[in-house]
Every structure is written in structure tokens, then in C-alpha cells.
Amino acid sequence: MSQTVFFNGSYLPKDEVSISPDDRGFLFGDGVYEVVRMYGGHGFGMDAHVRRLSDGLSAIGIVADAGLLPEVCEQLIERNDLGDRDAVVYLQVTRGVAPRAHHFPDPPVAPTVYAAAWQFIPRTDPAVGVGVVTAPDHRWTRCDIKSVSLLANCLAAEQAETAGAYEALLIRDGMVIEGTRSSLFGVVDGVVRTAPVSNYILPSITRTVAIELCESENFELDQRPMTLEECERADELFLAGTTTEIMPIVRVDDRPVGDGRPGPIATRLARGFADRVGALAS
Ligand SMILES: Cc1ncc(COP(=O)(O)O)c(C=O)c1O
């Protein structure tokens, strides 16, 4: 059965979608996207995804309704028979189709909206943790926009993949900022650390949940990025992201983190996250 996708207001088989080579998403990476995790048909953090999509669209001046996200997610899950499985929905909005010129089309053209859902089977286990590498952060200075222009993220992710690691931690000005597709937390001198929201990180929805869980567990938290030196001596490190959930890091560039096993704080938060997912269905 062909996958049913959403394209500019219609649901249709994926192989019937045709996107113009003049689409500004194709030519310039001129667009934003969201990835929503669906657990048994229930979207996690849906309101926050809608808000971030809306903020991203406003930030780059695309007029489109972010409020369509929940309905598109629901429809794609239903039409692809994914209701009883874990899945992701990917949605992207580009500025639309116009003859190639860097400045925006004037008058504006209709944005291109594409979304697809597929089954998601995690290849990681918080009881085991993951290995990561470090890489320079070559991204631009608007990392707060969830832009489809992801070349710098892809280059670092490829470095991780080649090294057999799950993720690359990005280093800017001596600070370990976040991953290519996940937020970063550490436990340094007994305090949970994560970079503050700024133009250098994505305002991650899972990061917010991890912070809420820290607060409910009374873990001391300091929203200050780790230096490379702090990262190297951290007792624990862990990632947070929509597809990553909360995932202990057990190895950085072939050095063990702590004793090389998932740490107690990361493990507690991963359980708290699983509880939140469990509560979605009730
Ligand atoms: C650079 C970056 N940081 C963090 C995240 C995690 O964000 P979220 O928790 O909203 O998935 C992502 C997700 O794609 C990302 O691309």
C-alpha cells in the first residue's frame, strides 16, 4: 500500500506528489519544519510544536497556518494505519515556488506544505545509553529557527555516523552547545547543566520537558552551557529530543562518561519521560 502524505491541502499517495524545481525549499532551503512524535496515535507536546512552528514561520516571514499541524498529524496516522504504533510525523513549509532570486517573491506566493508519517522504531535504549563524538558547530547564528537548511547539522551527523556514534555534540567558542538533532544536558559538580535558550540552540520541546522533570525531582539546575573541560569531567551527560527522548551518553570520543554506564539522574529523568508518554493515552 502506498504511503499517504499531505501536500498543499490534500491527502494523496506519496508517488503522486510533485514539487517544482523552482520551490525555494529546494533552491535555498527556505523553509521550516517540525517533527512530532506520535505514541499510539497521541502526539507528544503538540501545542508546543504548533507554537514553535508558528514562531518559525513568523521569524522568516512565511504566512501559513501552524494550527493545521494537529489535524494533519491525526489524519496521517489514521490514513496510514499507524494508530496503534509509535510513529513520527514530519511537516515542512517552504516559501513556495518562484523564479530563482534570493529576495522573497513579491507579491508573495503560496507556501508549499508537505507532511508524511511513518512508523518509528527507536534504535536506542536508555538502559544502555549512546556514544557521541564532538564536532565544531559550523551552523549559522539563528539556530533557534527550525530551518530546513541543515547542511552543517548533516556534516556533523555524518561524522558521528562514520565513527559509529549516535550523535555529534557541537562546540562553539569552547562551549558544548547541543547535538545535531538533540539538546544536551550534563551533571557537573552535582548540578544539572544545559545551555540557555538563545539564538545558538533550538528551543527544544524535550529540553523543556527535561527541565520540568528536573524541577519536579528537585535536581539543582543551571541553564549555562558546559565548557569542553566541564563536559569532559561531567559525571553524567544526556541528550533530549523528540526522537531521542531522554538518552544517557556513555561515551564521548571514545572516553567513558563517568563509569561508562547510564547515570542515576539521566536514568531517573528517562523514567519520568516514559511516565509522561504513558500518561498520553489516559
Ligand atoms: C539542533 C536541535 N537541537 C535540539 C533538538 C531537539 O528538539 P525537540 O526536543 O523539540 O525535538 C533538535 C530536534 O530536531 C534539533 O534539531
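In this predicted model, 20 residues of domain 1 are in contact with 13 residues of domain 2. Contact here means that the C-beta atoms of two residues, placed from the backbone, lie within 7 Å. Strand 3, helix 2 and strand 5 each supply at least two residues of the side of domain 1 that touches domain 2. Strand 3 gives the most to that side, with seven residues. By class, this side of domain 1 has nine nonpolar, eight polar and three charged residues. Ala, Val, Leu, Ile, Met, Phe, Trp, Tyr, Cys and Pro count as nonpolar; Asp, Glu, Lys and Arg count as charged; the others, Gly among them, count as polar.

Domain 1 covers 4-119 and domain 2 covers 130-280. These bounds come from an automatic or database domain assignment. The C-alpha centres of the two domains lie 26 Å apart.

Two notes on reading the model come next. Residues are numbered from 1 along each chain as its sequence is written. The model is predicted, and local features need pLDDT of at least 70, side-chain atom pairs count only at pLDDT 80 or more, while totals for chains, interfaces and linings use all residues.

**The sheet**

Six strands form an open sheet with antiparallel pairing, in the order 2-1-6-5-3-4. Strands (E, at least two residues) and helices (H or I, at least four residues) are DSSP runs, numbered from the N terminus. Two strands pair if DSSP finds at least two bridges between them. Strand 2 (10-13) and strand 4 (42-43) are the edge strands, and each pairs on one side only. Helix 2 (residues 46-60) packs on the sheet and touches strand 3 (31-39), strand 4 and strand 5. The direction of helix 2 makes about 175° with that of strand 3. Such angles run from 0 to 180 degrees between N-to-C directions, and the axes are lines fitted to C-alpha atoms, for helices over the stretch in contact.

| Strand pair | Bridges | Residues opposite each other |
| Strand 1 and strand 6 | two | Phe7 and Tyr114 |
| Strand 5 and strand 6 | eight | Tyr90 and Ala116 |

**Two residues up close**

Ser2 is found in the segment before strand 1. Is Ser2 buried or exposed? Ser2 is exposed, because 10 other C-beta atoms lie within 10 Å. A residue is buried if 20 or more other C-beta atoms lie within 10 Å of its own, exposed if 12 or fewer, and partly exposed in between, with C-beta atoms placed from the backbone. Leaving aside neighbours within four places in sequence, Ser2 is in contact with Pro13, Lys14 and Asp15.

Gly83 sits in the loop between helix 3 (69-79) and strand 5. Gly83 has 13 C-beta neighbours inside 10 Å, so Gly83 counts as partly exposed. Not counting residues up to four places away in sequence, Gly83 touches Gly41, Ile77 and Glu78. The C-alpha atoms of Gly83 and Gln119 are separated by 9.8 Å, though these residues are 36 residues apart along the chain.

**The ligand**

Which residues surround the ligand? Among them are Glu178, Arg181, Leu202, Arg207 and Thr242. Helix 5 gives the most, with three residues. The shell divides into three nonpolar, six polar and three charged residues.

How values were computed
A residue is near a molecule or strand if its C-beta atom, placed from the backbone, lies within 6 Å of it.
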